[in-house]
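Let's take a walk through this protein together. Have the sequence and the 3D view open, and we will go from single residues out to the whole chain.

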Amino acid sequence: MSVESITLPNFTPEVHVNVGDAAVLQATGVLSSLGLGSCIALVLYDRATRIGGLAHILLPHEALSRVPGKGSKYAATAVAYLLGQMREVGALARPEARLVGGASMFANLLKGGGINMGERNVIATRRALASASVPIIGEAVGGDFGRSVFLDIATGQLRVTSIQHAERLL
């Protein structure tokens with residue numbers, strides 16, 4: 001009986017990041033987060049070590065949550081949380097940041113002065129990044145439509161997709 005060798009295709013792992021969670025990859029793979037509305041995808045990338053991280057932020061700060069969550073769930077803590085996760089796997093330099101999401105999905109309901117959680121998430125995330133001295137190199141925030149993000153760890157390229165709008169690279 002002969003055994004044939006089988007060549008497997010190159011496998012690039014994709015890690016999906018759910019609401020309130022975060023993930024870090026090094027060298028290869030794709031980090032993704034789907035269906036961002038008022039939530040923020042905080043994407044950090046260290047080009048020197050090719051380490052990338054993504055946090056799917058739900059709220060500006062923990063005081064707005066009925067149920068406590070990880071540091072990645074809140075804009076006020078997600079930057080420090082994700083930086084810590086990246087350093088644990090070897091990130092050396094200060095990463096660059098990109099923000100996606102923060103939409104006002106129900107803008108027609110806010111005309112009476114309601115809370116725009118998307119805008120609050122954007123402001124709180126920018127503030128946390130400034131406090132940590134992490135530069136923002138790209139944004140696709142605001143508007144009234146959802147987005148999905150895909151970070152290619154090997155290249156640092158961030159692809160932003162939307163059903164209603166053209167694909168963008170950040």
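This is a predicted model: local features need pLDDT of at least 70, side-chain atom pairs count only at pLDDT 80 or more; totals for chains, interfaces and linings use all residues.

**A walk through the fold**

Asp21 has a relative accessibility of 23%, so it counts as partly exposed.

The salt bridges number four in total. Another of them joins the side chains of Arg126 and Glu139, at 2.8 Å from N to O. Here helix 2, which holds Arg126, is linked to strand 7 (residues 136-141), which holds Glu139, across 13 residues. Both ends are partly exposed: Arg126 has a relative accessible area of 35%, and Glu139 comes to 25%.

Helix 1 covers residues 75-88 and reaches 20 Å from its first C-alpha to its last, close to the 20 Å expected. Which of its residues are buried? They are Ala75, Ala78, Val79, Leu82, Leu83 and Met86. These residues cover an arc of only 125° around the axis, so they lie on the same side of helix 1. Among what covers the buried residues are strand 2 (22-26), strand 4 (40-46), strand 5 (51-57) and helix 2 (117-131). On the other side of helix 1, Ala76, Ala80 and Glu88 are exposed. Just past the end of helix 1, Gly90 takes a positive phi of about 115°.

Next, turn to Ser148, which is found in strand 8 (residues 147-152). Ser148 is buried, at 13% relative accessible area. A polar atom of its side chain lies 3.1 Å from the backbone nitrogen of Gly35. Ser148 also touches Arg159, among others, and the side chain of Arg159 meets that of Glu167 in a salt bridge (3.4 Å, N to O).

Finally, step back to the whole chain. It has two helices and 10 strands, in the order β-β-β-β-β-α-β-α-β-β-β-β from the N terminus. Of its 170 residues, 43% count as buried. Among contacts with a separation of 6 or more, 63% come from residues 24 or more positions apart.

Key. Residues are numbered from 1 along each chain as its sequence is written. Side-chain values use heavy atoms; hydrogens and water are left out. Helices (H or I, at least four residues) and strands (E, at least two) are DSSP runs, numbered from the N terminus. The expected span of a helix is 1.5 Å times one less than its number of residues. Buried means under 20% relative accessible area, exposed over 50%, partly exposed in between (1.4 Å probe, protein chains only). The arc is that of the directions from the helix axis to the C-beta atoms. Contact means heavy atoms within 4.5 Å. A polar contact is a pair of N or O atoms within 3.5 Å; within protein, one must be able to donate a hydrogen and the other to accept it, and residues adjacent in sequence count only if both atoms are side-chain atoms. Lists of a residue's contacts leave out its neighbours within four places in sequence.
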